[in-house]
Amino acid sequence: KALVAAPALADAAFHAMAPVAEKKGVRLERSAGKAAMVLADAGRLAQVFSNLLSNALRFTPEGGVVRLGVNTTPGRVEFTVEDTGPGIPTEHQEKIFQRYHAAGAKGGTGLGLYIARGLVEAHGGRLGVRSRPGEGSCFYFDIPRA
């Protein structure tokens, strides 16, 4: 782990996924928040961003929007990935983080969110989702500030 600016982590993820979003016809947006430092393994958090953004882009229809955000709170930094996809029924929201639980018929192994949760927890954080069917989803994770 190394000291890294939280917005730089989000910037790298944004730029890595921008071509995918453009190809799919989905607008990818980013909001910065205040610059805060975190002690992180940037490569491992890049995996988390990749998973969350890939899922958001997979489930967001053409013409939709995916937003990547960074918010600072006392002692923590929260990253969010919001989409305008179909949303996730309440009864499935905790199951999607279980090993081999692939949501929907859009492909996937059912391991991405399980692995992402483990990587976030290894950073002292937590990963979750807020979603309502028909209103999109917001995946979020936070880690301690340095």
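Visitor: Where is N51 found?
Guide: N51 is found in helix α2. Helices are DSSP runs of H or I with at least four residues, strands are runs of E with at least two, and both are numbered from the N terminus. This is a predicted model, in which local features need pLDDT of at least 70 and side-chain atom pairs count only at pLDDT 80 or more, while totals for chains, interfaces and linings use all residues. Residues are numbered from 1 along each chain as its sequence is written, and side-chain values use heavy atoms, with hydrogens and water left out.

Visitor: Is N51 buried or exposed?
Guide: N51 counts as buried, because its relative accessibility is 14%. Buried means under 20% relative accessible area, exposed means over 50%, and partly exposed lies in between (1.4 Å probe, protein chains only).

Visitor: And what is N51 in contact with, leaving aside its neighbours within four places in sequence?
Guide: N51 is then in contact with G112, L113 and A116. Contact means heavy atoms within 4.5 Å.

Visitor: What separates N51 from R145?
Guide: Their C-alpha atoms are separated by 22 Å, and the two residues are 94 residues apart along the chain.

Visitor: Where is the kink in α1?
Guide: A kink of about 40° lies at M17, shortly before the proline P19. The bend at a residue is the angle between axes fitted to the seven residues ending there and the seven starting there.

Visitor: Which residues of α1 are buried, and what do they pack against?
Guide: The buried residues are A6, P7, L9, A10, A13, F14, M17 and A21. They pack against β1, β2 (27-31), β3 (37-40), α2 (42-59), β4 (65-73) and β5 (76-83).

Visitor: What comes just after α1?
Guide: Just after α1, G25 takes a positive phi of about 80°.

Visitor: New subject: how many salt bridges does the structure hold?
Guide: The structure holds 7 salt bridges. A salt bridge is a side-chain nitrogen of Lys or Arg within 4 Å of a carboxyl oxygen of Asp or Glu. Side chains of opposite charge can pair when their charged atoms come close.

Visitor: Which residue does E94 pair with?
Guide: E94 forms a salt bridge with R117, and the closest N and O atoms are 2.8 Å apart. This pair links distant parts of the chain, since E94 is in the loop between β5 and α3 (112-122) and R117 is in helix α3, 23 residues apart. R117 is buried, with a relative accessible area of 17%.

Visitor: What about R132?
Guide: R132 forms a salt bridge with E135, with the closest N and O atoms 3.0 Å apart. R132 counts as exposed at 53% relative accessibility, and E135 is exposed with a relative accessible area of 52%. Elsewhere, salt bridges that share partners join R27, E29 and R67 into one network.

Visitor: Last one: which residues form a nonpolar patch on the surface?
Guide: L3, M37 and L39 form a nonpolar patch, with about 290 Å² of accessible area together. L3 itself lies in strand β1 (residues 2-5) and is exposed, with a relative accessible area of 56%. Patches are made of residues with over 30% relative accessible area and no salt bridge; like charges are joined within 9 Å and nonpolar side chains (Val, Leu, Ile, Met, Phe, Trp, Tyr) within 5 Å. Accessible areas come from the Shrake-Rupley method with a 1.4 Å probe, and for residues only the protein chains shown count as cover.
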